[in-house]
Amino acid sequence: MDSGQDKPTAGDAGLRSAVVVNPVKVADPDEFRRTVDGALTAAGWPAPTWYETTVEDPGRGQTEQAVRAGAEVVFACGGDGTVMACVTALAGTDVALAVLPQGTGNLLAANLGLSNDLAAGLEVAVERGRRRLDVGVVDDQCFAVMAGMGFDAQMLDSTSETTKARIGWPAYVMGAAKHLRDRPMRVSIRIDDQPPLRRRARSVLVANVGRLQGGVRLLTDAEPDDGWLDVAVLTPRTLGHWLAMGWALMRRRGSVPRMEVFKGRKVVITSNRAQPRQLDGDLIEPGRSLKAEIKPESLWLCVPRPAQHPDLSVDAEAAAERGERLVEEARRE
């Protein structure tokens, strides 16, 4: 559902906001806070309330506290875990989520085209472009991008934080290389009320939108607000299969070999042995099953352009340019 608003004029009242920040992910917390406070002030917004995440609570409790305190926009500042915690707390509310990515592989930011651009993230929020998105639910956690079981989670587990900090998303390629020859898992995949599919798969992904780390578009038909989850089953067996799949994903012409895609509202994946699992790029406990269900149109997300478009990153580059001007204006004041 498209419910975007025009950029506020000077006479519009700014929105009450909160920043949920993982302090470990921010290189210079004082400078970061000055930039955010200054940009929002320059846009006519009140100063935000700040909440820091902890090891015990990566952001869900802080976001719930911000909602109770009357925040109309919550800025999630950190890696995938912080963003996912905020998504979980905000799903089903009328409070919008804005992403200020500070991690190296933030999946939702990649789908918004924001990378680690602080100025762009701030501009997207103050321009008040909004999309009502579906979210997926696994147990008591929500995801906005994708859940996965198998190779994708193995790759995340094998990618060191040090390497990510040094070279960014290509670090995931190095993590992936360690598991290209691992044996597949035997899985049963039940989608809605259909008979189960049985596959020897390396990975099963349940996605709401289609981009991976580095902006690679895995699922071209995935739309964030269509009420469906897209299920990708990856079945490469050899190094040649992996190379063919990678080449097809980079070119995005026609079908991708060794990948089947299905749609459903409820997906239950069961493996013959415990597997690593992830939600929105953040590892969760390994397990033999993954159960995901769609929660339609339950999250308000600040986006570069609110138009009904399957690609959330439309207008991201222009928003980044406008954001730089906003930050420069704040620094002059």
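Asp-80 sits in helix α3 (helices are DSSP runs of H or I with at least four residues, strands are E runs of at least two, and both are numbered from the N terminus). This is a predicted model, in which local features need pLDDT of at least 70 and side-chain atom pairs count only at pLDDT 80 or more, while totals for chains, interfaces and linings use all residues. Residues are numbered from 1 along each chain as its sequence is written, and side-chain values use heavy atoms, with hydrogens and water left out.

Back to Asp-80: a polar atom of its side chain lies 2.8 Å from the backbone nitrogen of Leu-107. Is Asp-80 buried or exposed? With 10% relative accessibility, Asp-80 counts as buried (buried is under 20% relative accessible area, exposed over 50%, partly exposed in between, using a 1.4 Å probe and protein chains only).

Val-95 is in the loop that runs between α3 (80–90) and β4 (96–99).

| Residue | Location | Relative accessible area |
|---|---|---|
| Asp-80 | helix α3 | 10% |
| Val-95 | loop between α3 and β4 | 8% |

What does Val-95 touch, leaving out residues up to four places away in sequence? The list is Val-67, Ala-71, Glu-72, Val-73, Val-74, Leu-90 and Trp-300, where contact means heavy atoms within 4.5 Å. Take Glu-72: it is 23 residues from Val-95 in sequence, yet their C-alphas are 4.9 Å apart in space.

Now for helix α10, residues 316–332. Its 17 residues reach 25 Å from first C-alpha to last, close to the 24 Å expected (1.5 Å times one less than the number of residues). The buried residues of α10 are Ala-316, Ala-319, Ala-320, Gly-323, Leu-326, Val-327 and Ala-330. They share one side of α10 because they cover an arc of only 120° around the axis, the arc being that of the directions from the helix axis to the C-beta atoms. That buried set packs against α1 (29–42), α4 (107–112) and α5 (118–126). On the face turned away from the buried side, α10 carries the exposed residues Glu-317, Glu-321, Arg-325 and Arg-332.

Zooming out, the chain has 10 helices and 14 strands, and 55% of its 333 residues count as buried. Among contacts with a separation of 6 or more, 73% come from residues 24 or more positions apart.

How values were computed. A polar contact is a pair of N or O atoms within 3.5 Å; within protein, one must be able to donate a hydrogen and the other to accept it, and residues adjacent in sequence count only if both atoms are side-chain atoms.
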